[in-house]
Amino acid sequence: DDDDDDDGTGGKWFWAGDSKNGSQDVWIQYEEKLSKKFEKAYLAKKDKVKVDSERYIDIKNLLQRRYDDPNKRRTVKRVVAKVKTAKSKSTKSKSKSSSTTTTIPPPVGTTI
């Protein structure tokens, strides 16, 4: 099952949908199960991955293509949230500030 090894930090996949003016300029997220499947293929450095019986993702060129006519295509994108980096930085700054306050000696002549 593709859901077993997900830790929530992988990429999310989107396809370019049609806006009201007919341009492919609206980003629509693939359903979670497909997004995980695409991410797994991307990390395994695969060239393509199946979307459904009519379409596949050309990972190398970030395009969704049709099996019956590969020239029919839509742009896809992969977005990765950088959650771990921000959390790591805040932890470091907290430990720095607390160590600074605990190293100040009491004033001379003060009894503890």
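This report walks through the fold, sheet, core and selected residues of a predicted model.

## Overall make-up

The protein chain has 112 residues, and buried residues make up 21% of them. It contains two helices and six strands. Read from the N terminus, the elements follow the pattern β-β-α-β-β-β-β-α.

The chain exposes about 8700 Å². Carbon and sulfur atoms supply 52% of that area. Contacts can also be sorted by how far apart the partners sit in sequence. Among contacts between residues at least 6 apart, 36% join residues at least 24 apart.

## The sheet

The six strands form an open sheet. Their order is β2-β1-β6-β5-β4-β3, and the pairing is antiparallel. Strands β2 (26–29) and β3 (48–50) stand at the edges. Each has a single partner strand, so one side of each lacks a neighbour in the sheet. From one strand to the next, the twist averages 35°.

Strands of a sheet pair through backbone hydrogen bonds, either parallel or antiparallel. Several pairs can be followed residue by residue here. Strand β1 (residues 12–17) runs antiparallel to strand β6 (residues 73–79), and four bridges join them. Within this pair, Trp15 has Val76 of β6 as its bridge partner.

Strand β4 (55–58) runs antiparallel to strand β5 (residues 63–66), with four bridges between them. Asp58 stands opposite Leu63 of β5. The two strands form a hairpin, with four residues between them.

A hairpin also joins β5 to β6, this time through six residues. These strands pair in the antiparallel sense over three bridges. Here Gln64 stands opposite Arg74 of β6.

Helix α1 covers residues 32–43. It lies across β1, β2, β3, β4 and β6. Its direction makes an angle of about 110° with β1.

Which residues make up the largest nonpolar core? There are ten: Trp13, Tyr30, Leu34, Phe38, Ala41, Val49, Val51, Ile57, Ile59 and Val76. Helix α1 gives the largest share of this core, three residues.

Trp13 is one of the ten core residues. Leaving aside neighbours within four places in sequence, Trp13 is in contact with Ile28, Gln29, Tyr30, Ser35, Phe38, Glu39, Tyr42, Ile57, Leu62, Val76, Lys77 and Arg78. Core members Tyr30, Phe38, Ile57 and Val76 are among these contacts.

## Arg65: a buried arginine

Is Arg65 buried or exposed? Arg65 sits in strand β5. Its relative accessibility is 14%, so Arg65 counts as buried; the cut-off is under 20%.

What does its side chain reach? It reaches the backbone oxygen of Pro70, at 2.7 Å. Not counting residues up to four places away in sequence, Arg65 touches Glu54, Arg55, Tyr56, Asp58, Pro70, Lys72 and Arg73. One of these, Asp58, is the residue that stands opposite Leu63.

## Loop residues

Asp69 is in the loop between β5 and β6. With 25% relative accessibility, Asp69 counts as partly exposed. Asp69 and Arg55 are 14 residues apart along the chain, and their C-alpha atoms are separated by 9.5 Å. Arg55 is also touched by Arg65.

Most residues other than glycine have a negative phi. Lys45, in the loop between α1 and β3, has a positive phi near 60°. Lys45 is exposed, with a relative accessible area of 73%.

Leu62 lies in the loop between β4 and β5. Its phi is also positive, near 50°. Leu62 is partly exposed, with a relative accessible area of 32%.

Key
Residues numbered from 1 in each chain as written. Predicted model: local features only at pLDDT ≥ 70, side-chain atom pairs only at ≥ 80, totals over all residues. Heavy atoms only, no water. Pairing = 2+ DSSP bridges. Axes fitted to C-alpha atoms, helices over the stretch in contact; angles between N-to-C directions. Contact = heavy atoms within 4.5 Å. Core = buried A, V, L, I, M, F, W, Y, C linked by side-chain atoms within 4.5 Å. Buried < 20%, exposed > 50% of the residue type's maximum accessible area, 1.4 Å probe, protein only. Areas by Shrake-Rupley, 256 points an atom, 1.4 Å probe, with all protein chains shown as cover. Polar contact = N/O pair within 3.5 Å; in protein donor to acceptor, adjacent residues only side chain to side chain.
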